[in-house]
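Could you walk me through this model, from its overall make-up down to a few individual residues? Please keep the helix packing in view along the way.

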Amino acid sequence: MSVSDRLRQLRATSDEREGPESMREQSRAEHALYSAIRGLQAGFVATIIMTAFRLPILRSLPPSANFWSQYVTGDDPEEHPFMGLVLHFVYGIQAGAIFGGLFALQDAERSIEPEQRGIVWGSIYGMVLSAFGSQFMLKELLDIRLDTDELALFHAGHLVYGLSLGAWVGSRTEGVEDPETEYEYDDGN
């Protein structure tokens, strides 16, 4: 099975819990739980995208290696690149699940397409995570002070995360009944 076939399977929405019609049949809690599960997937994808954005620019591991080093091993963060990435993905995936659940519970502005709402709210969410990360995690917990250019890239990375997260959650939790047809995946788009 090719990679593109596998991706199509992952995107398939034959599940009766997807699309606008199914939302009307689910309780609010069921929809939030289902969206949180979609948020797990979105958090994984958005963390990959964020990491791909930041690594070539900053040429450094995420600060989660510093967390591991300071609170678990007590040695140099450079010795723990794998655990730094693991923690980075754990943070990103759980933040995605939280966003998915919150996105489903937010019922204002239903007249705006879910993908558009996802991008807007995902951007806001990404910047809130960035503010929390820079002010609390870095400054208070890890005693790391970023230079202004590093801080700008830290915020940009979280904006990329939020955009990716919101687009994924918005398009998969409340969007179209069948993305294969709606987005014309089979036609090469």
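Below is a short tour, starting with the model as a whole and ending with single residues.

## About the model

This is a predicted model, in which local features need pLDDT of at least 70, side-chain atom pairs count only at pLDDT 80 or more, and totals for chains, interfaces and linings use all residues. Residues are numbered from 1 along each chain as its sequence is written, and side-chain values use heavy atoms, with hydrogens and water left out.

The average pLDDT (the predictor's confidence in each residue, from 0 to 100) is 82 for the protein, and 76% of the residues score at least 70. Confidence is highest in helix H6 (residues 114-141), with a mean of 94, and lowest in helix H1 (residues 3-11), with a mean of 50. Residues 10-17 have a pLDDT below 50, and this stretch makes 16 contacts in the model beyond near neighbours in sequence; a contact means heavy atoms within 4.5 Å. Where pLDDT is low, the predicted coordinates should not be read in detail.

## Overall make-up

The protein has eight helices and zero strands, giving the pattern α-α-α-α-α-α-α-α along the sequence. Helices (H or I, at least four residues) and strands (E, at least two) are DSSP runs, numbered from the N terminus.

Of the 189 residues in the protein, 37% are buried. Here buried means under 20% relative accessible area, exposed means over 50%, and partly exposed lies in between, with a 1.4 Å probe and protein chains only. Taking contacts between residues at least 6 apart in sequence, 72% join residues at least 24 apart.

Two packed helices are described by the angle between their axes and the distance between the axes. The axes are lines fitted to C-alpha atoms, for helices over the stretch in contact, and the angles run from 0 to 180 degrees between N-to-C directions. Angles under 35 degrees count as roughly parallel, over 145 as roughly antiparallel, 65 to 115 as roughly perpendicular and the rest as oblique. A crossing is left-handed if the near helix is turned anticlockwise from the far one by less than a right angle, and right-handed if clockwise.

Let's begin with helix H4 (residues 64-73), which packs against H5 at about 110° with the axes 7 Å apart. H4 is therefore roughly perpendicular to H5, and the crossing is right-handed. Ser64, Ala65, Phe67 and Trp68 of H4 make this contact with Met83, Gly84, Leu87, His88 and Tyr91 of H5. These residues comprise six nonpolar, three polar and no charged; Ala, Val, Leu, Ile, Met, Phe, Trp, Tyr, Cys and Pro count as nonpolar, Asp, Glu, Lys and Arg as charged, and the others, Gly among them, as polar.

H5 and H6 cross at roughly 135°, and their axes come within 11 Å. The pair is therefore oblique, with a right-handed crossing. On the H5 side, Ala95, Ile98, Phe99 and Phe103 meet Pro114, Arg117, Gly118, Trp121, Gly122, Tyr125 and Leu129 of H6. By class, this contact has eight nonpolar, two polar and one charged residues.

Helix H5 (residues 81-105) also packs with helix H7 (residues 148-173), at an angle of about 45° and with axes 10 Å apart. H5 and H7 are therefore oblique to each other, and they cross in a right-handed way. Gly92, Ala95, Gly96, Phe99, Gly100 and Phe103 of H5 make the contact with Tyr161, Leu165, Gly166, Val169, Gly170 and Thr173 of H7. The H5 and H7 contact has six nonpolar, six polar and no charged residues.

Ser69 lies in helix H4 and is buried, at a relative accessible area of 3%. Leaving aside residues up to four places away in sequence, Ser69 touches Gly74, Asp75, Asp76, Pro77 and His80.

## The loop between H6 and H7

Leu142 sits in the loop between H6 and H7. Is Leu142 buried or exposed? Its relative accessibility is 8%, so Leu142 counts as buried. Apart from residues up to four places away in sequence, Leu142 touches Pro63, Asn66, Phe67, Gln70, Tyr71 and Met137. Leu142 and Tyr71 are 71 residues apart in sequence, with their C-alpha atoms 9.3 Å apart in space.

Asp143 is also placed in the loop between H6 and H7, but with 56% relative accessibility Asp143 counts as exposed. Most residues other than glycine have a negative phi. Asp143 has a positive phi of about 55°, although it is not a glycine.
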